Amino acid sequence: GYEVEVHGYARPWRDWTNSLWGQRLMGYGEFPLQRKDGKGQALSVKQPVERLWRQFGRRQVHIHRFDPAAFPHECVVRHFAQEIGMADSPGLSLQVNERLTLPAAQLATCFHRWVAGKEAPIEERPAQMHELRKHLAELPGPKLLFHDDLMAPLVESWAREDDWLEQELGFRLGGGHRSARSEEHTSELQSRQYLVCRLLLE
């Protein structure tokens, strides 16, 4: 018989949150950063990893920190091939999912709210997004990056998860890409990109 070996990649928390929000926006709809009780909508590595341990056994599960700078040719596909003993090939490459631009996020949000108003079944949204998605990917503009203030409710849960990761797997995910901080913090908070992010989430 065959022996299953599982390899998973976990992104730094901020990068993961930005990426997940964008993916959800391009599919089923918005992913709220906060629950109705005001607490952060926390991501978890611990829960899925423990499920994998129960299913496949701890020795068969390998979780890696998603860090392109540490991968061969900065390519996660090549890193995966290396981990499973597969010969490298020039054909191995990864199509990177770039973050949405701000105009693309605005348009996708308007689309989902329009669909919600028409009471279309949520299962139909990905199909309805198919044609729109390729146009959204071409929209120019600044990349959508949530301000640190929007991430603040999540930081405590990230720290708990990182403590567990360090103890069990020997690494921390860390925050990842932070929004720029400067002495002009007040003007930054009032910037168009920040305000639109807030409007998208409220």
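Modeller: Let's start with Glu-168, which is partly exposed, with a relative accessible area of 25%. Please keep in mind that this is a predicted model. Glu-168 forms a salt bridge with Arg-58, and their closest N and O atoms are 2.7 Å apart. Glu-168 belongs to helix H7, while Arg-58 sits in the loop between H2 and E2, so this pair ties together parts that are 110 residues apart in sequence. Arg-58 counts as partly exposed too, at 42% relative accessibility.

Helix H7 has another pair for you. The side chains of Glu-156 and Arg-160 meet in a salt bridge, at 3.3 Å from N to O. These two residues are four apart in helix H7, which means that about one helical turn separates them. The background is simple: an α-helix has 3.6 residues a turn, so residues three or four places apart point the same way. Both Glu-156 and Arg-160 are exposed.

Next comes Glu-166, which forms a salt bridge with Arg-172; here the closest N and O atoms are 2.9 Å apart. Salt bridges that share partners join Asp-163, Glu-166 and Arg-172 into one network. Glu-166 is partly exposed, with a relative accessible area of 45%, and Arg-172 is partly exposed with 32%. The count for the model comes to five salt bridges.

Now to the inside. In soluble globular proteins, nonpolar side chains tend to be buried together. Here the largest nonpolar core has 30 residues, and those with the most contacts inside it are Trp-13, Val-45, Leu-165 and Leu-173. Among the elements that give two or more residues to this core are strands E1 and E2, along with helices H1, H2 and H7. H4 gives the most, with five residues.

Ala-10 leads us on to the strands. The bridge partner of Ala-10 in E2 is Arg-65. E1 and E2 pair in the parallel sense over five bridges. Four of the five residues of E1 are buried, so E1 is largely enclosed by the rest of the structure.

Part of what lies against these strands is helix H3. Val-76, Arg-78, His-79 and Ala-81 are buried in H3, and the buried residues of this helix pack against E1 and E2. H3 is followed by Gly-85, which has a positive phi, near 80°.

Ile-84 is found in the loop between helix H3 (76–83) and helix H4 (102–117), and Ile-84 is partly exposed, with a relative accessible area of 40%. Together with Phe-80 and Met-86, Ile-84 forms a nonpolar patch on the surface, and the three have about 270 Å² of accessible area together.

Definitions and conventions:
Residues are numbered from 1 along each chain as its sequence is written. This is a predicted model: local features need pLDDT of at least 70, side-chain atom pairs count only at pLDDT 80 or more; totals for chains, interfaces and linings use all residues. Side-chain values use heavy atoms; hydrogens and water are left out. Patches are made of residues with over 30% relative accessible area and no salt bridge: like charges are joined within 9 Å, nonpolar side chains (Val, Leu, Ile, Met, Phe, Trp, Tyr) within 5 Å. Accessible areas come from the Shrake-Rupley method with a 1.4 Å probe; for residues, only the protein chains shown count as cover. A salt bridge is a side-chain nitrogen of Lys or Arg within 4 Å of a carboxyl oxygen of Asp or Glu. Buried means under 20% relative accessible area, exposed over 50%, partly exposed in between (1.4 Å probe, protein chains only). A nonpolar core is a set of buried Ala, Val, Leu, Ile, Met, Phe, Trp, Tyr and Cys residues joined through side-chain atoms within 4.5 Å. Contact means heavy atoms within 4.5 Å. Two strands pair if DSSP finds at least two bridges between them.
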